[in-house]
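Dear colleague,

Please find below the structure that I am handing over to you. My notes on it follow directly after.

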Amino acid sequence: MDNLVVNRKTGGMYMLETVGSTPIFSREQLNDQQKEIQKMVEDFVTEKVYPLNKQIESKDLELTKQLIREMGELGLLSIDIPEKLGGMEMDKVTGIVVAEALSYGGSGSFTVSASTQTGIGMLPIIWFGSEEQQEKYLPKLATGELIGAYALTEPEAGSDATSGKTIANLSTDEKNYILNGEKQFITNGGIADIYTLFAQVGGNKFSAFIVERNMEGFEVGPEEHKLGSKGSSTTPLKLTNVSVPVENLLGNVGDGASIAFNVLNQGRLKLGAHVLGGCKLIITKTCEYALERRQFGQPIAFFDAIKKKFSDMIIRTYALDSLIYRAIAEIQSTVEELDKNAPDYYVKMGQMMERFAIESSTSKVMGSEAIGFCADQGIQIFGGYGYIEEYPLAKVYRDCRIDRIWEGTNEINRQIITGYFMKKALLNEIPVRERLKDRDAFLSSEEVNAPHSPLSEQMGILDTGKFLVLAVFNEALIGFGQDLKNEQILGEALADCFMDIYATDSTLARVNQIFESNGQSNVLMQIAQVLTAETSLNILNRALLSLNNIYHGKVPPDVMDLYNTFQHKMLPKTDVAQLKREIAEYVYKQKKYPF
C-alpha cells in the first residue's frame, strides 16, 4: 500500500462517505514484490496443478499432499507465519494476491485443500497459540510436513456452530482434557495431521484445542462423496475418550467463539479472492470458446444475447475485484497500527478483523454468488458442450456451489452484515442519524459531486442511494428496534443494498482514480455507468419493498413522498444495452478477462 493513506478505521463507514472522497487501494497499486509473488503462484498452479486436474479430481490425496509440500518449498504456505518461526509474515494484501492466484490452476479441489492449510488450518495457532504451540506446529505446517484442518461443524451444529455437543472434561489429575463427540464435513479431514477442534469444556464453555491425528480414540471417518470439489478430502471425525494435554488448549477456556469467528472473518475475505480468480478464468475460457464456435455463419460471441452475458460477467467480476482489494487494504491499515511485539498482538489483530466483519461477509457473499453466476452463464454459452465433463465448465459449476454454504451460509452472512450495521448504528460507531440530518439539504442541493470527473453523474446517483438506504434502515430501526435481527427478509434486503453500494462505491472510486492517473478508459467508464444504473434500480426496488414491509403495506404519505423524491434523483438515463455490447466487444479483442 505504498504511500496510500487510508483513514477508515472501522467497517461500514462507506455508507457515510461521499463517493470518491477518500482514496482506496486497488490492484493497480500492487507493488513489485506482490506482482512477483502473484506470477510465481500463477506459474506454479499453471505448470503443476492444471495439467494434473483429472488426477487430483480422482481423489489422489497423496498427489495433493505432494503439491502442498511443493508450495511449502516455495514459501507459499508461510505468508502469515511470523519470521521468528521461519515464516514470511507478509501483509494481508499479499495473502489475498496469493489466494486469488491459486484459482488459476483450474482445480477447485486443490484450491480448497491448499487454502485450508494456509487459512483455517494454521491461523488459529498463529493468532491464538502459545509460543510453545507455535514453535511445535508452525514450522512443519509451513513446509507441508504437517497438514492442518479445522473441526467446527457437527452433525447437528452447522450455522449455529457454538451449539456443538462435543464435550471436553478436565481429567482428575488436571493434566488432560477428555474429549468425546463427533465432527462433520471436515475439509482435509482425511489427510490432516493436526486439527483445530472445538468442544464444550464442562458442557458449556466453548473452547478450542489442537488435536493430533495419532491420539488414541481419535477416528477419521470415510471420505464423503460430494457434488463438487471431489478431489479434496472431506470426512467426519469421531472422538471417544481422546486424551488431549492441557498444553493443547488454544487460548483460554471459553475463547472458542472468538477464535472461530475471527478466523472465519479472514477466511471469508480469502474465499472472495479465490472465487475472484475463478471468475476471471471462467470468462477467459468461455471467451475463447465463444469466439471459435460458429452458428448461423458467425461466432456465437457476436450475438447480442451472448454479448450481454459476457458484459454481465465482466461487470460483476470487476466490482468484486474492486471491493476485495479495498477491504483488505483497509484492514491492513488498521493492523499496521498495532505493536507487533505486544503479547496480545494477534488477539488484537482478530479484533481489528472483526471491525470489518461487514466487508468480510460482503466479500464472501458477493464472491460466491458472482462465481455461481459466471459458471451458470458460462455453461449456457458453451451450450450442450457445457454439460459435458470433458469441457471445463461442468466441473466448475459443481465445484462452486459449496461457496454459498461454507464459511457461514450466505443467509447467515447477510444477517451478519445487517446485524453489524444495526449494532454500530445503535452504539453510534456509525453515526447514521447524524448523517441523516444532512439528507434534506442534500436532496435540495444542485451541487454536483466531483464536477471534474467523467463519473460525476454516477457518483451523485450513488450518494443519493446511500441516503435512501440509510433512511430506510433508520425507519426499520424505529419500527423494530433490536428485534430487527428477527426480521430476516427485511434484513436480507438491507444487506443486499449495503453490499451493492459497497461494490459500486469501490468500482466508482477505483475507476475515477485510474482516470486521474492515466487518463480516460472508455471501457472502464462503461462498466461504471452500467453498474451504477443497475445498482440504482435494485436499490429503489428493494427500498420500496422494505418500506412496505416496515409499514405492512401502508406507507405513510410523507414517507412515500420522500421515496418519490429519491426516485426522481436516482432513475438512470443510461443506454445499458448499448454499453453492454461495447464492453463485450472490448473483451473479445483481448480474448480474455482484461483487467
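The protein has 20 helices and 10 strands; these are DSSP runs numbered from the N terminus, with helices (H or I) of at least four residues and strands (E) of at least two. This is a predicted model, in which local features need pLDDT of at least 70 and side-chain atom pairs count only at pLDDT 80 or more, while totals for chains, interfaces and linings use all residues. Residues are numbered from 1 along each chain as its sequence is written, and side-chain values use heavy atoms, without hydrogens and water.

Regarding overall shape, the C-alpha trace spans about 75 × 60 × 45 Å along its principal axes.

Of the 595 residues, 59% count as buried, meaning under 20% relative accessible area, whereas exposed means over 50% and partly exposed lies in between (1.4 Å probe, protein chains only). Among contacts (heavy atoms within 4.5 Å) between residues at least 6 apart in sequence, 78% join residues at least 24 apart.

Q482 is found in the loop between α16 (456-480) and α17 (488-518). Because its relative accessibility is 56%, Q482 counts as exposed. Leaving aside residues up to four places away in sequence, Q482 touches M422 and L426. Q482 and L426 are 56 residues apart in sequence, and their C-alpha atoms are 8.9 Å apart in space.

Yours sincerely
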